[in-house]
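I opened this notebook to record what I looked up in one structure. My entries follow the order of my questions.

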Amino acid sequence: MMIVMKQGATTAQVANVTARIEQMGCQAHLSRGEERTIIGIIGNGRPIDQEKLVQMDGVERAVPILKPFKRASREFHPQDTLVSVNGVVIGGPKLVVMAGPCAVESVEQMLEAAQAVKEAGGTILRGGAFKPRTSPYSFQGLGVEGLRILGQVRSEVGLPVVTEVMDPELVPLVSTYADILQIGARNMQNFALLHAVGEAQRPVLLKRGMMSTIEELLMAAEYILSHGNDRVILCERGIRTFETYTRNTIDINAVPSLKQLTHLPVIVDPSHGTGKWELVEPVSRAAIAAGADGLIIEVHPHPEEALSDGAQSLRPERFAALMEHLRPIAAAVGREL
Ligand code: PEP
Ligand code: MN
């Protein structure tokens with residue numbers, strides 16, 4: 001339930017309502033808009049005495065929230081959440097492009113990729129040190145050595161880094177090298193991991209599970225938010241459908257749907273979404289046109305030699321061309337790149 005305060009309600013009135021909610025054993029979540037304040041109630045499973053709250057001074061009305069996600073919902077928090085990472089703002093008018101190889105393979109590979117990403121206008125560097133591979137015989141990532149490489153390249157090139165964490169116990173270690181913690185599609189409902197990143201002092205990039213609904217994605221975000229971390233970025237990365245021509249099917253519907261349902265920034269991963277480098281540019285254009293706040297794209301200096309996902313990785317020059325081709329589309333939807 002949400003309590004909508006009257007226009008011009010005083011700070012003391014808001015504080016009284018908040019205190020009453022807490023006395024009821026619930027949590028109050030304050031959202032101060034330009035016109036009025038909304039107090040979201042996060043219940044404790046027991047019925048809430050709505051009448052008592054509605055009669056308090058300064059209260060306009062109580063509105064039930066039927067959706068199971070609360071902190072993630074736009075009803076609770078009407079304004080867009082902006083996630084800042086070392087000066088890069090995700091969710092504002094400027095689109096954010098995160099790019100880099102699927103996996104960290106060597107210092108040289110990461111340096112070459114990072115320089116290309118930066119020159120083309122990418123603002124966050126991606127690269128997996130811990131790789132969730134379908135086969136135990138595939139390259140599993142360089143692990144801690146990969147993190148060290150990310151740390152070195154981050155300071156040499158000056159781009160913030162996003163990298164995946166797969167183990168709750170490794171969240172503190174990965175946080176020392178990563179500016180954004182990535183939760184991969186396969187771990188979207190790993191609740192111990194969501195709990196751990198919810199307590200981390202780093203923004204989280206939460207990727208949609210390949211067989212998860214939009215609501216399940218938002219409930220996964222709710223876990224992170226409810227453990228105290230409100231810097232969550234959502235990522236549509238394609239879902240499984242009957243279509244096998246592409247690796248996954250980008251659910252373009254998810255972009256405007258999420259923008260309606262939640263205040264959290266939404267980005268799209270056209271690389272894992274398609275599995276084919278030739279499709280990365282057209283699908284990126286579609287994502288931006290649909291209202292995404294940014295993209296995460298695989299770029300490798302030599303895709304034919306990549307240890308993972310070479311077929312969907314862009315060469316640096318193709319990434320640079322893609323960035324140029326996205327600019328007019330960004331402008332057409334009132335965004336900058
Ligand atoms: C990745 O981005 O490195 C990755 C493994 O993607 P996903 O979790 O979406 O499959
Ligand atoms: Mn990959």
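The entries below concern the ligand and its surroundings, and then the aromatic rings.

**Entry 1: the model.** I noted at the outset that this is a predicted model.

**Entry 2: the place of the ligand.** I asked in which pocket ligand 1 sits. I found that ligand 1 sits in the largest pocket.

**Entry 3: the shell.** I looked up the residues that surround ligand 1; among them are Arg-126, Lys-131, Glu-164, Arg-186 and His-272. I then sorted the shell by residue class and recorded 6 charged, 3 polar and 1 nonpolar.

**Entry 4: polar contacts.** I looked for side chains with an N or O atom beside an oxygen atom of ligand 1, and Gln-182 has one at 2.9 Å. For Lys-207 I noted a distance of 2.7 Å between a side-chain N or O atom and a ligand oxygen. In Arg-237, a polar side-chain atom lies 2.6 Å from an oxygen atom of ligand 1. I next asked how much of ligand 1 the protein covers. On its own, ligand 1 has 290 Å² of accessible area, and the protein covers 97% of this.

**Entry 5: aromatic rings.** I searched the whole structure for aromatic pairs and found 1. Planes under 30 degrees apart would have counted as stacked, and planes over 60 as edge-to-face.

**Entry 6: position of the pair.** I located Phe-191 in helix H6, residues 191–198, and Tyr-223 in helix H7, residues 214–226. The two residues are 32 residues apart, and the pair links distant parts of the chain.

Terms used:
Residues are numbered from 1 along each chain as its sequence is written. Chains are lettered from A and ligands numbered from 1 in the order in which they are written. This is a predicted model: local features need pLDDT of at least 70, side-chain atom pairs count only at pLDDT 80 or more; totals for chains, interfaces and linings use all residues. Side-chain values use heavy atoms; hydrogens and water are left out. A residue is near a molecule or strand if one of its heavy atoms lies within 4 Å of it. A polar contact is a pair of N or O atoms within 3.5 Å; within protein, one must be able to donate a hydrogen and the other to accept it, and residues adjacent in sequence count only if both atoms are side-chain atoms. Accessible areas come from the Shrake-Rupley method with a 1.4 Å probe; for residues, only the protein chains shown count as cover. On a 1 Å grid over the protein atoms alone, a cavity is a set of points where a 1.4 Å probe fits but cannot get out, and a pocket is an open set with protein on both sides within 12 Å along at least five of seven lines; lining residues have an atom within 4 Å of a point. A molecule sits in a cavity or pocket if more than half of its atoms lie within 2 Å of its grid points. Ala, Val, Leu, Ile, Met, Phe, Trp, Tyr, Cys and Pro count as nonpolar, Asp, Glu, Lys and Arg as charged, and the others, Gly among them, as polar. Rings of Phe, Tyr and Trp (its six-membered ring) pair if their centres lie within 6.5 Å; planes under 30 degrees apart count as stacked, over 60 as edge-to-face and the rest as tilted. Helices (H or I, at least four residues) and strands (E, at least two) are DSSP runs, numbered from the N terminus.
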